[in-house]
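The model is shown first.

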Amino acid sequence: MTYEIRTLAPGAAGTPGPTAAPAPGSPRGNGHGTLVAVSDLHVRYQENRDIVERLRPESDDDWLLIAGDVGEYVADIRWALTLLSDRFAKVVWVPGNHELWTPADDPVQLRGVARYEHLVGICRELGVLTPEDPYPVWQGAGGPAVIAPLFLLYDYTFRKPGMASKEEALAQAEEAGVVCTDEFHLHPDPYPTREAWCQARVAATESRLAAVPQELPTVLINHWPVVREPTRPLWYPEFALWCGTEATADWPRRFRAAAVVYGHLHIPRLLICDGVPHQEVSLGYPREWRRRSGAPGRPVQILPTPTTVASDTTGTRA
(Lines give C-alpha, C1' and ligand atoms only; values in the text may rest on other atoms or scores of the structure.)
Protein backbone atom coordinates (compact mmCIF):
# COMPACT_ATOMS: atom_id res chain seq x y z
CA MET A 1 0.00 0.00 0.00
CA THR A 2 1.37 3.40 -0.94
CA TYR A 3 0.41 6.68 0.63
CA GLU A 4 1.33 10.32 0.32
CA ILE A 5 0.54 13.21 2.64
CA ARG A 6 -0.54 16.09 0.43
CA THR A 7 -1.63 18.60 3.06
CA LEU A 8 -2.07 18.62 6.82
CA ALA A 9 -4.33 21.44 7.87
CA PRO A 10 -6.97 23.22 5.76
CA GLY A 11 -6.05 26.88 5.47
CA ALA A 12 -2.54 26.43 6.87
CA ALA A 13 -0.27 29.45 6.67
CA GLY A 14 1.34 29.83 3.28
CA THR A 15 -1.08 27.44 1.56
CA PRO A 16 -4.32 28.10 -0.30
CA GLY A 17 -6.30 25.75 1.92
CA PRO A 18 -7.71 23.88 -1.09
CA THR A 19 -9.54 21.23 0.93
CA ALA A 20 -11.59 23.73 2.92
CA ALA A 21 -15.06 24.82 1.88
CA PRO A 22 -15.16 28.27 0.23
CA ALA A 23 -15.40 31.30 2.47
CA PRO A 24 -18.81 32.99 2.96
CA GLY A 25 -20.00 34.64 -0.21
CA SER A 26 -17.67 32.68 -2.52
CA PRO A 27 -19.21 31.30 -5.72
CA ARG A 28 -20.15 27.61 -5.68
CA GLY A 29 -19.64 26.97 -9.36
CA ASN A 30 -22.64 25.15 -10.84
CA GLY A 31 -25.18 26.03 -8.14
CA HIS A 32 -25.79 22.40 -7.14
CA GLY A 33 -24.25 22.73 -3.71
CA THR A 34 -21.21 21.15 -2.14
CA LEU A 35 -20.66 18.08 0.02
CA VAL A 36 -18.76 19.22 3.13
CA ALA A 37 -17.71 17.49 6.32
CA VAL A 38 -16.66 18.10 9.90
CA SER A 39 -16.04 15.94 12.97
CA ASP A 40 -14.97 16.00 16.60
CA LEU A 41 -17.01 19.07 17.49
CA HIS A 42 -16.86 18.24 21.23
CA VAL A 43 -19.55 20.74 22.13
CA ARG A 44 -19.17 20.33 25.89
CA TYR A 45 -16.42 22.96 25.45
CA GLN A 46 -18.09 26.38 25.27
CA GLU A 47 -15.57 27.59 22.68
CA ASN A 48 -16.51 24.69 20.42
CA ARG A 49 -20.21 25.24 21.07
CA ASP A 50 -19.77 28.85 19.93
CA ILE A 51 -18.14 27.60 16.72
CA VAL A 52 -21.08 25.28 16.02
CA GLU A 53 -23.46 28.18 16.64
CA ARG A 54 -21.73 30.04 13.79
CA LEU A 55 -21.51 27.10 11.40
CA ARG A 56 -23.64 27.68 8.31
CA PRO A 57 -23.76 26.38 4.73
CA GLU A 58 -22.58 28.43 1.78
CA SER A 59 -25.47 27.20 -0.38
CA ASP A 60 -29.02 26.06 0.29
CA ASP A 61 -28.06 22.77 -1.40
CA ASP A 62 -25.05 21.91 0.78
CA TRP A 63 -24.96 18.58 2.58
CA LEU A 64 -22.98 18.20 5.83
CA LEU A 65 -21.26 14.96 6.83
CA ILE A 66 -20.53 14.70 10.57
CA ALA A 67 -17.90 12.04 11.27
CA GLY A 68 -18.62 11.56 14.97
CA ASP A 69 -17.72 12.94 18.39
CA VAL A 70 -20.33 15.68 18.53
CA GLY A 71 -20.32 15.18 22.30
CA GLU A 72 -20.77 12.78 25.19
CA TYR A 73 -24.14 13.87 26.58
CA VAL A 74 -27.35 13.02 24.76
CA ALA A 75 -28.76 16.53 25.30
CA ASP A 76 -25.64 18.11 23.73
CA ILE A 77 -25.78 15.77 20.74
CA ARG A 78 -29.46 16.56 20.19
CA TRP A 79 -28.75 20.30 20.45
CA ALA A 80 -26.00 20.25 17.81
CA LEU A 81 -27.81 17.96 15.38
CA THR A 82 -30.99 20.00 15.68
CA LEU A 83 -29.13 23.21 14.91
CA LEU A 84 -27.22 21.81 11.94
CA SER A 85 -30.11 19.87 10.43
CA ASP A 86 -32.12 23.10 10.36
CA ARG A 87 -29.37 24.83 8.36
CA PHE A 88 -28.07 22.26 5.87
CA ALA A 89 -30.07 20.63 3.09
CA LYS A 90 -29.10 17.25 4.52
CA VAL A 91 -27.03 16.12 7.49
CA VAL A 92 -25.42 12.67 7.64
CA TRP A 93 -24.08 11.53 11.04
CA VAL A 94 -21.98 8.63 12.21
CA PRO A 95 -21.19 7.97 15.87
CA GLY A 96 -17.78 8.45 17.40
CA ASN A 97 -16.50 6.90 20.57
CA HIS A 98 -17.59 9.89 22.67
CA GLU A 99 -21.25 9.54 21.63
CA LEU A 100 -21.10 5.92 22.78
CA TRP A 101 -19.77 6.74 26.24
CA THR A 102 -22.14 6.51 29.20
CA PRO A 103 -21.02 9.34 31.50
CA ALA A 104 -22.08 8.86 35.10
CA ASP A 105 -23.78 12.29 35.16
CA ASP A 106 -25.70 11.94 31.90
CA PRO A 107 -29.45 11.54 32.65
CA VAL A 108 -29.53 8.99 29.80
CA GLN A 109 -27.78 5.96 31.24
CA LEU A 110 -28.22 3.64 28.27
CA ARG A 111 -25.19 1.56 27.33
CA GLY A 112 -23.78 -0.01 24.19
CA VAL A 113 -26.19 -0.89 21.41
CA ALA A 114 -29.14 0.59 23.31
CA ARG A 115 -27.38 3.96 23.53
CA TYR A 116 -26.50 3.89 19.85
CA GLU A 117 -30.08 3.02 18.90
CA HIS A 118 -31.34 5.85 21.10
CA LEU A 119 -29.16 8.31 19.18
CA VAL A 120 -30.34 6.87 15.87
CA GLY A 121 -33.90 7.50 17.05
CA ILE A 122 -33.07 11.16 17.75
CA CYS A 123 -31.55 11.48 14.29
CA ARG A 124 -34.67 10.08 12.69
CA GLU A 125 -36.78 12.63 14.56
CA LEU A 126 -34.58 15.35 13.06
CA GLY A 127 -34.28 13.94 9.54
CA VAL A 128 -30.56 13.24 10.01
CA LEU A 129 -29.27 10.19 8.15
CA THR A 130 -27.33 7.50 10.05
CA PRO A 131 -25.54 4.20 9.31
CA GLU A 132 -28.91 2.49 9.83
CA ASP A 133 -30.61 4.27 6.91
CA PRO A 134 -30.50 3.55 3.17
CA TYR A 135 -27.43 5.11 1.60
CA PRO A 136 -28.39 8.34 -0.21
CA VAL A 137 -26.93 9.32 -3.55
CA TRP A 138 -25.26 12.72 -3.82
CA GLN A 139 -26.40 14.24 -7.11
CA GLY A 140 -24.70 17.62 -6.65
CA ALA A 141 -21.33 18.81 -7.92
CA GLY A 142 -18.87 15.93 -8.15
CA GLY A 143 -21.67 13.35 -8.15
CA PRO A 144 -23.33 11.03 -8.50
CA ALA A 145 -21.82 9.20 -5.54
CA VAL A 146 -23.27 6.92 -2.90
CA ILE A 147 -22.88 8.45 0.56
CA ALA A 148 -22.11 5.59 2.94
CA PRO A 149 -22.15 6.46 6.65
CA LEU A 150 -20.34 3.69 8.54
CA PHE A 151 -20.21 2.64 12.17
CA LEU A 152 -17.36 0.14 12.58
CA LEU A 153 -15.61 0.69 15.94
CA TYR A 154 -12.17 -0.96 16.41
CA ASP A 155 -10.82 -4.37 17.31
CA TYR A 156 -7.31 -3.71 18.70
CA THR A 157 -5.62 -4.96 15.49
CA PHE A 158 -3.75 -1.66 14.96
CA ARG A 159 -1.02 -3.05 17.19
CA LYS A 160 2.64 -2.10 17.29
CA PRO A 161 5.01 -4.48 15.46
CA GLY A 162 5.77 -7.57 17.47
CA MET A 163 2.57 -7.43 19.51
CA ALA A 164 0.92 -10.83 19.01
CA SER A 165 -2.31 -10.24 20.91
CA LYS A 166 -4.69 -7.61 22.21
CA GLU A 167 -3.72 -8.48 25.78
CA GLU A 168 -0.01 -7.97 25.11
CA ALA A 169 -0.66 -4.69 23.33
CA LEU A 170 -2.94 -3.39 26.08
CA ALA A 171 -0.36 -4.28 28.72
CA GLN A 172 2.30 -2.34 26.84
CA ALA A 173 -0.06 0.63 26.40
CA GLU A 174 -0.84 0.65 30.12
CA GLU A 175 2.87 0.52 30.94
CA ALA A 176 3.37 3.54 28.66
CA GLY A 177 0.52 5.37 30.42
CA VAL A 178 -1.69 5.35 27.32
CA VAL A 179 -5.16 3.96 28.02
CA CYS A 180 -8.16 5.25 26.07
CA THR A 181 -11.10 6.45 28.17
CA ASP A 182 -13.27 4.07 26.13
CA GLU A 183 -12.01 1.30 28.41
CA PHE A 184 -14.06 2.85 31.21
CA HIS A 185 -17.02 4.52 29.51
CA LEU A 186 -17.72 2.76 26.17
CA HIS A 187 -19.70 -0.35 26.99
CA PRO A 188 -20.35 -2.99 24.28
CA ASP A 189 -23.60 -4.40 25.75
CA PRO A 190 -25.00 -6.87 24.78
CA TYR A 191 -21.76 -7.89 23.04
CA PRO A 192 -19.14 -9.40 25.34
CA THR A 193 -16.36 -7.11 24.07
CA ARG A 194 -15.84 -4.01 21.94
CA GLU A 195 -14.03 -6.08 19.33
CA ALA A 196 -17.00 -8.46 19.08
CA TRP A 197 -19.26 -5.47 18.44
CA CYS A 198 -16.76 -4.25 15.84
CA GLN A 199 -16.70 -7.61 14.07
CA ALA A 200 -20.50 -7.66 13.86
CA ARG A 201 -20.59 -4.11 12.47
CA VAL A 202 -17.89 -4.87 9.90
CA ALA A 203 -19.69 -7.99 8.64
CA ALA A 204 -23.07 -6.24 8.31
CA THR A 205 -21.58 -3.15 6.68
CA GLU A 206 -19.48 -5.13 4.21
CA SER A 207 -22.63 -6.84 2.90
CA ARG A 208 -24.37 -3.49 2.43
CA LEU A 209 -21.43 -1.95 0.58
CA ALA A 210 -21.14 -4.99 -1.67
CA ALA A 211 -24.71 -4.35 -2.80
CA VAL A 212 -23.99 -0.80 -4.00
CA PRO A 213 -24.28 -0.65 -7.82
CA GLN A 214 -20.88 -1.21 -9.39
CA GLU A 215 -21.15 1.85 -11.63
CA LEU A 216 -21.37 4.25 -8.68
CA PRO A 217 -18.44 5.55 -6.62
CA THR A 218 -18.83 5.92 -2.87
CA VAL A 219 -17.95 8.38 -0.15
CA LEU A 220 -17.13 6.40 2.99
CA ILE A 221 -17.69 8.22 6.30
CA ASN A 222 -16.49 6.63 9.53
CA HIS A 223 -15.31 8.16 12.79
CA TRP A 224 -12.23 5.92 12.93
CA PRO A 225 -9.79 5.65 10.00
CA VAL A 226 -10.56 2.68 7.75
CA VAL A 227 -6.85 2.16 6.98
CA ARG A 228 -3.94 2.26 9.38
CA GLU A 229 -1.83 4.90 7.61
CA PRO A 230 -3.45 7.94 9.30
CA THR A 231 -2.27 6.71 12.72
CA ARG A 232 1.43 6.83 11.80
CA PRO A 233 2.05 10.40 13.15
CA LEU A 234 0.51 9.77 16.59
CA TRP A 235 2.66 11.08 19.42
CA TYR A 236 1.73 7.94 21.36
CA PRO A 237 1.68 5.02 18.88
CA GLU A 238 0.01 2.81 21.49
CA PHE A 239 -3.19 4.84 21.02
CA ALA A 240 -3.62 3.30 17.55
CA LEU A 241 -5.18 0.29 19.33
CA TRP A 242 -8.38 2.32 19.67
CA CYS A 243 -8.31 3.72 16.13
CA GLY A 244 -9.69 1.14 13.70
CA THR A 245 -9.53 -2.37 12.34
CA GLU A 246 -7.31 -4.12 9.80
CA ALA A 247 -10.48 -5.76 8.40
CA THR A 248 -11.30 -2.65 6.34
CA ALA A 249 -7.87 -2.06 4.79
CA ASP A 250 -9.02 -2.86 1.25
CA TRP A 251 -12.44 -1.18 1.44
CA PRO A 252 -11.54 2.17 -0.18
CA ARG A 253 -10.37 0.49 -3.39
CA ARG A 254 -12.78 -2.43 -3.23
CA PHE A 255 -15.84 -0.21 -2.83
CA ARG A 256 -14.70 2.47 -5.31
CA ALA A 257 -14.28 5.29 -2.80
CA ALA A 258 -14.05 8.73 -4.34
CA ALA A 259 -13.17 9.89 -0.81
CA VAL A 260 -12.90 8.57 2.72
CA VAL A 261 -13.92 10.92 5.54
CA TYR A 262 -12.86 10.30 9.14
CA GLY A 263 -12.03 12.02 12.44
CA HIS A 264 -10.94 10.75 15.87
CA LEU A 265 -7.19 11.50 15.62
CA HIS A 266 -7.51 15.30 15.77
CA ILE A 267 -4.91 15.58 13.00
CA PRO A 268 -6.82 17.33 10.19
CA ARG A 269 -5.13 16.58 6.88
CA LEU A 270 -5.52 14.97 3.48
CA LEU A 271 -3.80 11.62 2.99
CA ILE A 272 -3.68 10.03 -0.47
CA CYS A 273 -3.54 6.28 0.06
CA ASP A 274 -3.45 3.96 -2.97
CA GLY A 275 -4.83 6.83 -5.00
CA VAL A 276 -7.82 7.41 -2.71
CA PRO A 277 -8.12 10.67 -0.72
CA HIS A 278 -8.60 10.11 3.01
CA GLN A 279 -9.67 13.38 4.64
CA GLU A 280 -9.64 13.94 8.39
CA VAL A 281 -12.11 16.73 9.15
CA SER A 282 -11.83 17.14 12.93
CA LEU A 283 -12.20 20.36 14.88
CA GLY A 284 -10.77 18.89 18.08
CA TYR A 285 -10.31 20.45 21.50
CA PRO A 286 -9.76 24.20 21.93
CA ARG A 287 -6.12 23.67 22.97
CA GLU A 288 -5.57 21.93 19.61
CA TRP A 289 -7.38 24.18 17.15
CA ARG A 290 -5.92 27.33 18.71
CA ARG A 291 -2.50 26.19 17.43
CA ARG A 292 -3.71 26.04 13.83
CA SER A 293 -4.08 28.84 11.32
CA GLY A 294 -7.37 29.32 9.52
CA ALA A 295 -10.92 29.50 10.80
CA PRO A 296 -11.66 26.72 13.33
CA GLY A 297 -14.59 24.46 12.55
CA ARG A 298 -14.79 25.47 8.91
CA PRO A 299 -16.25 22.46 7.05
CA VAL A 300 -13.97 20.67 4.62
CA GLN A 301 -15.02 20.23 0.99
CA ILE A 302 -15.33 16.59 -0.04
CA LEU A 303 -17.20 16.84 -3.36
CA PRO A 304 -16.55 18.18 -5.86
CA THR A 305 -13.01 17.00 -5.33
CA PRO A 306 -10.71 20.02 -4.86
CA THR A 307 -8.57 20.57 -7.94
CA THR A 308 -5.62 22.23 -6.17
CA VAL A 309 -3.58 20.66 -3.39
CA ALA A 310 -0.97 22.29 -1.19
CA SER A 311 2.52 20.85 -1.24
CA ASP A 312 3.23 20.95 2.52
CA THR A 313 4.35 17.51 3.71
CA THR A 314 5.53 18.37 7.20
CA GLY A 315 4.08 16.47 10.13
CA THR A 316 1.90 17.43 13.04
CA ARG A 317 0.73 15.18 15.81
CA ALA A 318 -2.30 15.09 18.07
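At 3% relative accessibility, Tyr116 is classed as buried (under 20% relative accessible area; exposed is over 50%, partly exposed in between; 1.4 Å probe, protein chains only). Phe151 is buried too, at 0% relative accessibility.

The model is predicted: local features need pLDDT of at least 70 and side-chain atom pairs pLDDT 80 or more, while totals for chains, interfaces and linings use all residues. Residues are numbered from 1 along each chain as its sequence is written, and side-chain values use heavy atoms, without hydrogens and water.

## Aromatic pairs

There are 11 aromatic pairs in the structure (rings of Phe, Tyr and Trp, the last by its six-membered ring, with centres within 6.5 Å; planes under 30 degrees apart are stacked, over 60 edge-to-face, the rest tilted). The ring centres of Tyr116 and Phe151 lie 4.6 Å apart with planes at 45°, so this pair is tilted. It links distant parts of the chain, 35 residues apart: Tyr116 is in helix H4 (residues 112–126), Phe151 in the loop between strand S6 (145–149) and helix H5 (166–175). Helices (H or I, at least four residues) and strands (E, at least two) are DSSP runs, numbered from the N terminus.

Phe239 and Trp242 form another tilted pair, at 6.0 Å centre to centre and 35° between planes. Phe239 is partly exposed at 22%, whereas Trp242 is buried at 0%.

## Charges over rings

The charged end of Arg49 sits over the ring of Trp79, 4.0 Å from its centre (NZ of Lys or CZ of Arg within 6 Å of the ring centre and within 35 degrees of the ring normal). For Arg290 over Trp289, the distance is 5.5 Å.
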